[in-house]
Amino acid sequence: MSEQPAPSHQQTAVPPGEHVVCRPSEAELAARPKVIEVDHLDWSYGKRQVLFDISLDVRQGEIMMIMGGSGSGKSTLLRHLVGLMPPLPGKVKLLGKDFGTLKPMEKLDLRRKIGVAFQFGALFSSMNVAENVKLPLRELTKLNEKTMDIMARIKLEVVNLSGFGDLMPAALSGGMVKRASIARAIIMDPKLLFLDEPSSGLDPAVSSALDDLILRLREAMDISVVIVTHDIDSAFKIGDRITILDKGRILASERVETIRNNKNERVQHLLNRQAEEIEVDPTEYLKRLTGG
Ligand SMILES: Nc1ncnc2c1ncn2[C@@H]1O[C@H](COP(=O)(O)OP(=O)(O)OP(=O)(O)O)[C@@H](O)[C@H]1O
């Protein structure tokens, strides 16, 4: 979908040009605290096991990309990471707290430190953009209306959507919906940000602008980010580390500088296959741009 500004509003353009990626080194990250720890996690839906012995950690300020073929377990893992699955003591720790053993109030406290943007933006179509962005504040805080308005305005500015708060989601382009859902995810200044397929359905230019936004957020908020994606370009552009799932198991979890040299055939197959999958047919692309 192309980035169409809504009528009668001037959209602040995402600054053009490549964002210079200042990746923290492996040693720098190793010196920082672990903010996400997954310890030998198994998961089954009924009798069908879909996650096998998953162990993983993410350091403060790190961007972790989770990739893998369809049905490999990425979303199931993400749901465990954000506390949407039944609690399993000792399996998932966020910011040093074991999600599986927290009391309801402690869980609520932890949820305030986590921002999540699910696939397709998931904005409520019946509320305007600002109301959508304010939702976590309404659910998790007792702030007054004026304070919530100010916070929503600031976050819309951060994602380059100043002045779009009064619009309904249907008036936004695909990229703007994604940015609005990121504004909602960061409204509480979370320490951890989880994004599910942020670039799905976006054309390459809009997707690249979204990557730049994620990098800027990491720099500005020292936030740790976990991104589930099929977008290999984005993974290599903004990720510090890529974790590849295959049939519910971790095949590799490596720095972006080294994973291309991984000798495992399935890792190579997945990286190459995904590169092919996102190859853009120029005629198709032009059609999308022109709406033809
Ligand atoms: N609620 C559920 N009940 C039963 N099976 C499920 C459920 N959710 C997912 N599965 C199954 O678990 C496996 C892993 O699914 P999951 O959605 O985690 O994979 P994924 O890697 O995110 O896939 P995709 O890239 O297609 O979104 C799949 O075989 C899927 O059919």
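1. The model is predicted: local features need pLDDT of at least 70, side-chain atom pairs count only at pLDDT 80 or more, and totals for chains, interfaces and linings use all residues. Residue numbers start from 1 along each chain as its sequence is written.

2. Helices (H or I, at least four residues) and strands (E, at least two) are DSSP runs, numbered from the N terminus. Helix 7 covers residues 204–221, 18 residues in all. Asp222 follows helix 7 and has a positive phi, near 45°.

3. A residue is buried if 20 or more other C-beta atoms, placed from the backbone, lie within 10 Å of its own. In helix 7 the buried residues include Val206, Leu210, Leu213, Ile214 and Leu217. Asp211 and Arg218 are also among them. The buried residues of helix 7 pack (C-beta atoms within 7 Å) against strand 3 (63–68), helix 6 (174–185), strand 8 (224–228) and helix 8 (232–238).

4. Helix 4 (residues 129–140) has buried residues too, including Val129, Val133, Lys134 and Leu137. Its buried residues pack against helix 5 (145–158) and helix 6.

5. Four strands form an open sheet in the order 2-1-4-5, with antiparallel pairing (at least two DSSP bridges between two strands). Strand 2 (48–59) and strand 5 (97–98) are at the edges with a single partner strand each, so one side of each has no neighbour in the sheet.

6. Strand 1 (residues 34–45) and strand 2 run antiparallel, joined by eight bridges. Ser44 has Gln49 in strand 2 as its bridge partner.

How values were computed:
The expected span of a helix is 1.5 Å times one less than its number of residues. A residue is buried if 20 or more other C-beta atoms lie within 10 Å of its own, exposed if 12 or fewer, and partly exposed in between; C-beta atoms are placed from the backbone. Two residues are in contact if their C-beta atoms, placed from the backbone, lie within 7 Å.
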